[in-house]
Amino acid sequence: MGNIVKGGEFLIKQIPANEIFSIEELNEEQKMLRDSAKEFIDREVVPQRERFEKKDYAFTEETMRKLGEMGMLGIAVPEEYGGLGMGFVTTMLACDYLSGTTGSLATAYGAHTGIGTLPIVLYGTEEQKKKYLPDLATGTKFGAYCLTEPDAGSDANSGKTKAKLSEDGKHYIINGQKMWISNAGFADTFTLFAKIDDDKNITGFVINRSELENPESLTFGEEEHKLGIRASSTRQVFFNDMKIPVENLLGERNNGFKIALNALNVGRIKLAAACLDAQRRILNHSIQYSNERKQFGVSIATFGAIRKKLAEMATGVFVSEAGSYRAAKNIQDKVDELVAGGMDHQAAELKGVEEFAVECSILKVFVSDLAQHTADEGIQVYGGMGFSEDTPMEAAWRDSRISRIYEGTNEINRLLAVGMLIKRAMKGELDLLSPAMAISKELMGIPSFEVPDYSEFMSEEKAIIANLKKVFLMVSGAALQKFMMDIEKQQHLLLNASEILNQIYMAESAILRAEKHFSPESVEAAMAQLNLYKAVEKIITAAKEGIVSFAEGDEQRMMLSGLRRFTKYTNHPNVVALTEKVAAHYIEKGAY
């Protein structure tokens with residue numbers, strides 16, 4: 001199993017390439033699942049793309065039923081409750097390859113298998129799991145998750161939905177409303193959150209709509225008309241004196257916020273996975289189109305401006321895959337370790353995901369930002385045709401836009417990732433202080449002028465990654481010293497710190513993936529190097545903005561000098577040559 005790393009530990013450790021997992025290492029069972037998911041999408045979904053754009057909700061439901069029959073809805077559900085009980089990497093893989101063609105199906109699938117099913121897997125009693133999970137695992141019933149309210153979005157605990165114990169003590173009576181509820185139109189199993197009496201925190205509940213004493217106590221608004229994900233059912237949900245048995249309380253009273261947070265952590269990394277095949281497919285369409293489209297008597301794939309776009313899109317896919325599957329395997333290893341130590345699977349699954357909550361937020365932000373950018377560039381490659389509904393690009397662009405909003409907006413997730421790291425450091429779970437102090441000493445010392453030996457593959461790149469980690473610790477350490485407990489109010493600075501953090505994790509993932517599986521001459525090595533160069537530039541911008549905004553005088557001069565030292569290449573890569581190498585490879589191959 002290798003050494004189990006801790007969440008966030010990548011910042012203070014040099015991670016060897018043999019300790020990370022990547023998509024090249026799938027086993028035979030996983031490859032079969034990937035191929036059957038891909039085959040299903042190409043056969044059942046791609047030819048029907050138009051039906052999703054025309055808000056054919058019934059077709060989304062029908063497609064979900066077929067996925068249920070294939071076992072694709074029960075991958076993460078333990079076998080004893082009718083699922084396949086597969087590991088975390090396999091659940092990521094299914095999400096990846098089933099989500100790429102239309103955001104409507106991706107949302108229905110993600111909402112059902114993730115937030116619709118997982119809270120019951122993770123927090124349900126034995127009776128609840130036996131009752132609800134077999135139907136959810138097979139697609140006999142679909143799940144929806146009711147958390148967001150008109151006045152409670154990111155601040156989920158401020159919800160106004162109320163639960164009151166009935167006089168005979170046998171039921172909770174629930175009143176309130178929820179909005180933006182995915183799958184609401186065809187779901188039967190609802191996980192919902194409400195405050196009991198005057199409780200400070202929300203509590204979770206689960207109910208089958210078909211078992212309500214009074215069906216009119218659960219009503220729905222009209223389908224929302226949305227920018228994208230048009231055939232994903234999204235409605236308001238109203239509870240009007242809805243009676244549910246006391247045994248339907250999920251987890252513990254007052255513990256709903258914890259359930260919501262942990263369901264969202266899993267949702268975040270799954271959302272990154274859901275953006276991967278979308279990127280691959282947009283890239284493939286773009287390569288194909290640019291090979292076929294002629295201007296000035298030649299195909300536009302011969303133009304440098306188009307080649308640059310295709311190279312950057314391909315690099316984005318490579319990097320996104322590297323970070324996503326690395327973190328998924330870290331979570332799986334942690335779960336396996338805890339189960340081997342005697343913890344029950346439910347608790348282990350929770351702890352495993354919680355451990356890597358920082359990485360889940362990083363991935364959600366980085367990959368969803370990139371998916372939107374890739375779709376935007378896809379339209380640009382197609383030119384005027386990209387703006388037309390006759391090509392897949394405009395729907396891909398509209399669908400990708402929601403990814404930066406749900407499972408917590410990207411801004412919230414950026415703040416969260418840095419905030420969680422700081423909390424871990426404060427609790428002594430992660431020692432960020434010692435390395436930050438060591439960097440202060442290093443800045444006071446005389447830099448070495450020796451030219452290091454970088455003859456080994458990826459050695460300079462890994463040295464740069466190590467230095468970029470020093471940039472994060474230097475900037476965030478100094479900011480923390482200055483603002484102490486008020487750091488949470490400094491959102492500008494936290495966003496800068498988050499950009500540095502995200503770029504480090506993803507660049508390191510790509511470098512280690514290339515080192516582990518590919519040769520120095522490979523196109524994959526070129527993509528990892530190209531991405532690192534761009535990451536360094538982004539980190540310089542974010543760090544400099546932070547430093548000049550909160551440090552002054554000698555401290556500012558010293559940190560700016562440290563930033564120059566820690567972002568220096570000994571041998572600059574030839575960016576144009578790397579770009580051209582990547583473009584030439586994929587244009588000739590015709591696909592990613």
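Modeller: Strand S2 and strand S4 (residues 189-196) run parallel and are joined by 2 bridges. In this pairing, Ala163 has Ile196 of S4 opposite to it. Everything said here refers to a predicted model.

S2 covers residues 162-165 and also pairs with S3, residues 171-182; that pairing is antiparallel and has 4 bridges. Here Lys162 is the residue that faces Asn175 of S3. S2 therefore has two partners, since strands count as paired when there are at least two bridges between them: S3 in the antiparallel sense and S4 in the parallel sense.

The turn from S2 into S3 is a hairpin with 5 residues between the strands, and Gly169 in this hairpin has a positive phi near 75°. Most residues other than glycine have a negative phi. Asn183 is also buried: its relative accessible area is 0%, and the cut-off for buried is under 20%.

Met458 sits in the loop between helix H14 (433-444) and helix H15 (459-483). Phi of Met458 is positive too, near 70°, and Met458 is not a glycine. With a relative accessible area of 2%, Met458 is buried.

Now the surroundings of that part. The protein chain has 19 helices and 10 strands. Its radius of gyration is 25 Å, close to the 25 Å given by the globule rule for 592 residues, so the chain is as compact as a globular protein of that length. Along the principal axes, the C-alpha atoms occupy a box of roughly 80 × 60 × 45 Å. Of the 592 residues, 56% are buried. Among contacts with a separation of 6 or more, 78% are between residues 24 or more positions apart.

H19 takes in residues 575-589, 15 residues in total, and spans 21 Å from its first C-alpha to its last, close to the 21 Å expected. Its buried residues are Leu578, Thr579, Val582, Ala583, Tyr586 and Ile587. Viewed down the helix axis, these buried residues of H19 fall within an arc of 155°, so they line one face. Residues three or four places apart in an α-helix point the same way, because there are 3.6 residues a turn. Glu588 and Lys589 are exposed on the other side of H19. The cover over the buried residues of H19 includes helices H8 (256-292), H9 (304-340) and H17 (523-550).

At the start, Asn574 places a side-chain oxygen within 3.3 Å of the backbone nitrogen of Val576. After H19 comes Gly590, with a positive phi near 90°.

Gln372 is buried, at a relative accessible area of 7%. Beyond its neighbours within four places in sequence, Gln372 is in contact with Trp397, Ser400, Arg401 and Arg404.

Conventions: Residues are numbered from 1 along each chain as its sequence is written. Side-chain values use heavy atoms; hydrogens and water are left out. The expected span of a helix is 1.5 Å times one less than its number of residues. Buried means under 20% relative accessible area, exposed over 50%, partly exposed in between (1.4 Å probe, protein chains only). The arc is that of the directions from the helix axis to the C-beta atoms. Contact means heavy atoms within 4.5 Å. A polar contact is a pair of N or O atoms within 3.5 Å; within protein, one must be able to donate a hydrogen and the other to accept it, and residues adjacent in sequence count only if both atoms are side-chain atoms. The radius of gyration is taken over C-alpha atoms; the globule rule is 2.2 Å times the number of residues to the power 0.38.
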